[in-house]
Amino acid sequence: MSSATEGKTNFIYTLINKDLEEGKNNGEVHTRFPPEPNGYLHIGHAKALLLNYKIALDFNGKFNLRFDDTNPIKEEQMFVDSIIADIRWLGIDWEERLFFSSSSFEAKFAFAERLIKAGRAFVCDLTPEEIREYRGTLTESGKESPYRNRTVAENITLFARMRSGEFQNGARVLRAKIDMSSGNLNMRDPVLYRILHAHHHRTGDTWCIYPMYDFDHPFTDVLEGITHSLCSIEYSDHRPLYDWVVENALELMPEICKYRSQQNEFARLNMTYTVLSKRKLRRLVEEGFVHGWDDPRMPTIAGLRRRGVTPAAIADFQERVGVARADSTVDLALFEHCLREDLGKTALRMMAVLEPLKVVITNWPLGKIELLELENMPDEKTAGTRLVPFGREIYVEAEDFMEEPPKKFHRLTPGQEVRLKGAYVIRCEEIIKDTAGKITELRCTYDPLTKSGEDESGKKVKGVIHWVEIQHSVKATVRLYDSLFSKENPEDEETDDFTANINPNSLITLTNVFVEPAIAQAPAGSRFQFIRKGYFYLEVNDASKGELVFNRTVVLKDTWAKINK
RNA sequence: UGCCGGGUAGUGUAGUGGUAGCACAACGGCCUUUGGAGCCGUACGCCCAGGUUCGAACCCUGGCCCGGCAGCCA
């Protein structure tokens, strides 16, 4: 046991430690992350990815990035690119070990030939429908293919002819000769190769036969020297077949197969208020419920990135979630906690008024602007300070004023003073309304003795609100994101269609937002805490177009909202 | 009802024969120029029933409940 793994206790670390004690694979630990390039990575993939990566780190081993590209019909180079970008962004380093299953198709073909020669594989002419019928059912055993006893020579010839392109898609397959009466369907002479006349994004038209996952994956693991091949629970039933392939690889291809790779399964991630299946995410995109795979409401890595989520928060989340074999659904609140924790110690505090209410401070001299020095992070002095202009006309948050406040409302009311954050204490003297009775402006007075940091008034006000001086403020657009679904579990509940549970308020766009001038100087990609409102990601800052767009990453914890319920 | 896997606070996860812990959430309080952060505290759990044992979350037996599997997908 290495000291690096102390403190981490999960069944995978336990089994790896045991393997190490037993001296398996020369005491090496080598993991991999094997995405299929047919879609975008999401937070569930990040769990698997980081798990594999950290195992390699913790056990002083190696980690490979490998694209499982054995099905040219579904896979595209575009996804290879996006997946690589996402994994890089997460901070994963695969060093020089970027691999593609398709790179070793030739070795796999040779392995298949040896299986044939060993009498352990055969070319089968049954149609797909017939193969299904012959396979039997969950409760009845299958029956052997009439082609099962072809001679080695005939099989070799037919397999070569499959490769050379003589047959149409689906005409023939190569199958393993295992056991048609096995209780495990995967062992009932599984298909190893199928004919697919399709252009592959890497091998082009070199091949018209492609290996199946169950044949390709274990063999590739062995080739790459993977010691621990982690996958999700639904592959448990495939493990005997995985082992069958590994055993045969070791026996029949000893010149290139040295490692006894082993598969172990863990439960995939589920989270409340979202869906994590490629099929469902695809529906959200294709049916226009979101604006694309990288919509900030999507649980995709690309979406989370635009949302303002940090790689550190994702990594922290992955560790806290842990890993086990039991099905589980993690509370979204845990993810949000990880976000706030990371952002809380890295994001500068700034002021922005999302829904402005004009306040005129009647006893402030006309035209006078005072520059106030505010801390960028109150709990972290090294983050420094900035100057914030203050003047006669400011905006405050509309919700921070109430004419007839409920009990415990600590903000601005006709009878109650509040402090403007980093500035002065003000009192509301007059409410201006339009003809409809809507409040359009407040007339307030300030107390000159209450300047922040040099208060001589002795006043103890309960409330502190944020504000922005109008003249120097910068207008911005803010996208308020909330969870995409309004139900903890979007997929059960009474409806049979998860899209019925989409949160109609998952995106609210505010275009009349005013931010303090310092924020407008920041480059796109910056993250801020808007005081009292939440964490925001500056997605676009294009001065030439006057465009300033923020995405809300996560709200602050809100005790008042809770009291109010 | 074939094969495989799984059930520890609300959620997630430790603990593999010796006082059931941790985190998030919840609740109460303190503190606060963010109703943020921080601090202190409270409550809640071994699926059930038998058995073995001085002693069982852990071992045995029998139930119950949940998940996966019949692509030439991965």
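Predicted model: local features only at pLDDT ≥ 70, side-chain atom pairs only at ≥ 80, totals over all residues.
Two strands count as paired here if DSSP finds at least two bridges between them.

For a view of one pairing inside it, pick strand 12 (residues 356–361) and strand 18 (residues 439–447), which run parallel and share four bridges. Within this pair, Lys358 faces Glu441 of strand 18.

Now step back to the chain as a whole. The domain assignment of chain A divides it into domain 1 (3–266), domain 2 (267–351 + 471–565) and domain 3 (356–466). Taken over C-alpha atoms, the centres of domain 1 and domain 2 lie 36 Å apart. Where these two meet, domain 1 brings 28 residues to the contact and domain 2 brings 29 residues. About 2,600 Å² is buried between domain 1 and domain 2, and carbon and sulfur atoms give 66% of that area. Which residues of domain 1 lose the most area to domain 2? They are Ile43, Lys47 and Trp89, together accounting for 31% of what that side buries.

Next, find helix 1 (residues 11–21). At its start, a side-chain oxygen of Asn10 comes to within 2.9 Å of the backbone nitrogen of Ile12. Ile12 is itself buried, as are Tyr13, Leu15, Ile16, Asn17 and Asp19 of this helix. What covers them? Among the elements over the buried residues of helix 1 are helix 2 (43–58), strand 8 (228–232) and strand 9 (262–266). After helix 1 comes Gly23, with a positive phi near 75°.

Our last stop is strand 4 (residues 121–124). In a regular strand the side chains alternate between the two faces of the sheet. Strand 4 shows this pattern: Ala121 and Val123 point one way, while Phe122 and Cys124 point the other way. Are these four residues buried or exposed? All are buried. Strand 4 pairs with strand 5 (residues 173–176) in the antiparallel sense, over four bridges, and in this pairing Val123 sits opposite Leu174 of strand 5.

Technical notes
Residues numbered from 1 in each chain as written. Chains lettered and ligands numbered in written order. Heavy atoms only, no water. Helix = DSSP H or I, 4+ residues; strand = E, 2+ residues; numbered from the N terminus. Buried < 20%, exposed > 50% of the residue type's maximum accessible area, 1.4 Å probe, protein only. Contact = heavy atoms within 4.5 Å. Polar contact = N/O pair within 3.5 Å; in protein donor to acceptor, adjacent residues only side chain to side chain. Domains from an automatic or database assignment. Buried area = accessible area lost by both parts, 1.4 Å probe.
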